[in-house]
Number of protein chains: 2
Amino acid sequence: MAEAKSRRPLADSTAVHDQVYDAIRQALITGRIAPGVGVSLRSLAAELGVSPMPVRDAVRRLVAERALAINPANKRLSVPSLSADRLQQLSQARLWIEPELAARAAPLADEALIKGLRAIDSRLDAALAAGDVDGYMTANHAFHFAIYERSGAEVLLSMAGGLWLQIGPFMRVVFGRVGTGGLPADYHAEAIAALKARDVEGARRAIAADLSEGMDKMRIAVEAGS
Amino acid sequence: MAEAKSRRPLADSTAVHDQVYDAIRQALITGRIAPGVGVSLRSLAAELGVSPMPVRDAVRRLVAERALAINPANKRLSVPSLSADRLQQLSQARLWIEPELAARAAPLADEALIKGLRAIDSRLDAALAAGDVDGYMTANHAFHFAIYERSGAEVLLSMAGGLWLQIGPFMRVVFGRVGTGGLPADYHAEAIAALKARDVEGARRAIAADLSEGMDKMRIAVEAGS
DNA sequence: TTCCTAAAACTGTGATCACAGTTTGCGGCC
DNA sequence: GGCCGCAAACTGTGATCACAGTTTTAGGAA
């Protein structure tokens, strides 16, 4: 399933604006575009080698998802800055939605999902050991959403996706400062076990614990950093 | 069908695509565009008397907010259809977010907010008495978001806004079938009282009860209708 | 130097056109 | 009469241009 580690992160979608969306989204999550700095349609277009038109579409979408902000006075684009208050709201929303997605996925879990999760988790451990921050964040994202997608709850799933997009820059701050030291991988094993046993409440608890730990770290890092 | 150019004074936003966004959003919420039917950029543009360009921007935003859907094969636009499963997810998300927003608003409530809410609520009652469905839904939206905006929780607020946008068509189905018979206005009075007393848990409970009642009706209507 | 002004560069927005793919509808064929 | 096929209309997408603000830069005057 997800073991294909495509060197091209851009999917096979023929729509240019979708590829641009993915590119900017990835740049945002991995922190290649730092929070607070301004961007522009034409500069992004030049950087990606496309015309401003598909960039405009992608940016419109990212603004709607609050992954980019638009200055009401200037109408100029920028990456939203990180604040403790924003992090708290995003954390709270994640704690509502993501454990529920895991709980919904539990009864639907099958052997293929478990195998896929184990593969992702080993990639995650490898990235952790190597200090590969990008690899860790990519694997972590893949792990969570492999579970969430199994839930079949499309609406909640898209909400979770939007939250990860907004919280991505915070994660980068944490791992940029603290490193990949503390390891929440235990909860991943716990989550896999709960899913294998189709234990609804166990899955909910494992994901909630995983989230709580990660977000506590982020909170500490943000409070210390500001 | 070209002479239907309404010279409505849409907001004070100078950006055309924002006005188009508001227009389509309102049409969606009030059910003027029925769920399941297809729309197109050019038809919307002609109807609103603008060029396709700002419509394209507005639609991109609405698609990102899941208020419009895009057929992956056709790439054609349509209004998402109503399903019991979708309603359940939207309801659950609303029950997480909106009572929390009310709870956060409670300590910040002041006399101006209370007065505003009372004014909105009387407009709501008038619309109910007159059987004015559009007026009722507009007032109900205004009531809830007057409270939520007071919370200052920007992230959660925008999530709530997205949820209302998606649940709008469901509301129309309810009131189109059941009429404005059952009245949840009692909970509005309860919410106002709790806010006036700066009672955090009371506000949370009142809004939760209001939501539960309304969404139960929607669920019944959708299950009966499908 | 320091300050102020004018020009150049850059910004998002909207309009218009071209293009490829899909849908629709009409006409003729069996 | 029923069905097939082709052309016209319509769809979203992308490129290019014009325009009005804003920001930045350059230059000249004190």
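A: Let's begin with helix α4 of chain A (residues 84-105) and its partner α6(A), whose axes come within 7 Å and cross at roughly 60°. The two helices are therefore oblique to each other (angles under 35 degrees count as roughly parallel, over 145 as roughly antiparallel, 65 to 115 as roughly perpendicular, and the rest as oblique). Axes here are lines fitted to C-alpha atoms, for helices over the stretch in contact, with angles from 0 to 180 degrees between N-to-C directions. Helices (H or I, at least four residues) and strands (E, at least two) are DSSP runs, numbered from the N terminus.

Please keep in mind that this is a predicted model, where local features need pLDDT of at least 70 and side-chain atom pairs count only at pLDDT 80 or more, while totals for chains, interfaces and linings use all residues. Residues are numbered from 1 along each chain as its sequence is written, chains are lettered from A and ligands numbered from 1 in the order in which they are written, and side-chain values use heavy atoms, with hydrogens and water left out.

Back to our pair: α4(A) passes α6(A) in a left-handed crossing (the near helix is turned anticlockwise from the far one by less than a right angle; clockwise would be right-handed). On the α4(A) side you will find Glu98(A), Leu101(A), Ala102(A) and Ala105(A), which meet His144(A), Ile147(A), Tyr148(A) and Arg150(A) in α6(A); contact means heavy atoms within 4.5 Å. Sorted by class, this contact has five nonpolar, one polar and two charged residues (Ala, Val, Leu, Ile, Met, Phe, Trp, Tyr, Cys and Pro count as nonpolar, Asp, Glu, Lys and Arg as charged, and the others, Gly among them, as polar).

Now follow α6(A), residues 133-150, to another neighbour, α5(A), residues 111-130: their axes lie 8 Å apart at an angle of about 165°. These helices are therefore roughly antiparallel to each other, and their crossing is left-handed. Among the residues that make this contact are Leu113(A), Leu117(A) and Asp121(A) of α5(A), together with Tyr136(A), Phe143(A), Ile147(A) and Arg150(A) of α6(A). By class, the contact has twelve nonpolar, two polar and two charged residues.

Two bridges join β1(A) to β3(A), residues 77-78, and Gly38(A) has Ser78(A) as its bridge partner.

Finally, let's turn to chain B. It can be laid on chain A with an RMSD of 0.1 Å by a turn of 180° and a shift of 0.0 Å along the axis (copies are superposed by least squares on the C-alpha atoms of residues with pLDDT of at least 70 in both). The two copies are thus related as by a two-fold rotation axis. In chain B, the C-alpha nearest that axis belongs to Arg61(B), at 2.8 Å. The same surface serves both copies, with 97% of the contact residues of chain B recurring in chain A.

Within chain B, α5(B) and α6(B) pack at about 165° with axes 8 Å apart, in a left-handed crossing. Leu124(B) of α5(B) and Ala139(B) of α6(B) are among the residues in their contact. In the sheet of chain B, ordered β1-β3-β2, Gly38(B) stands opposite Ser78(B) in β3(B).

Conventions: Two strands pair if DSSP finds at least two bridges between them.
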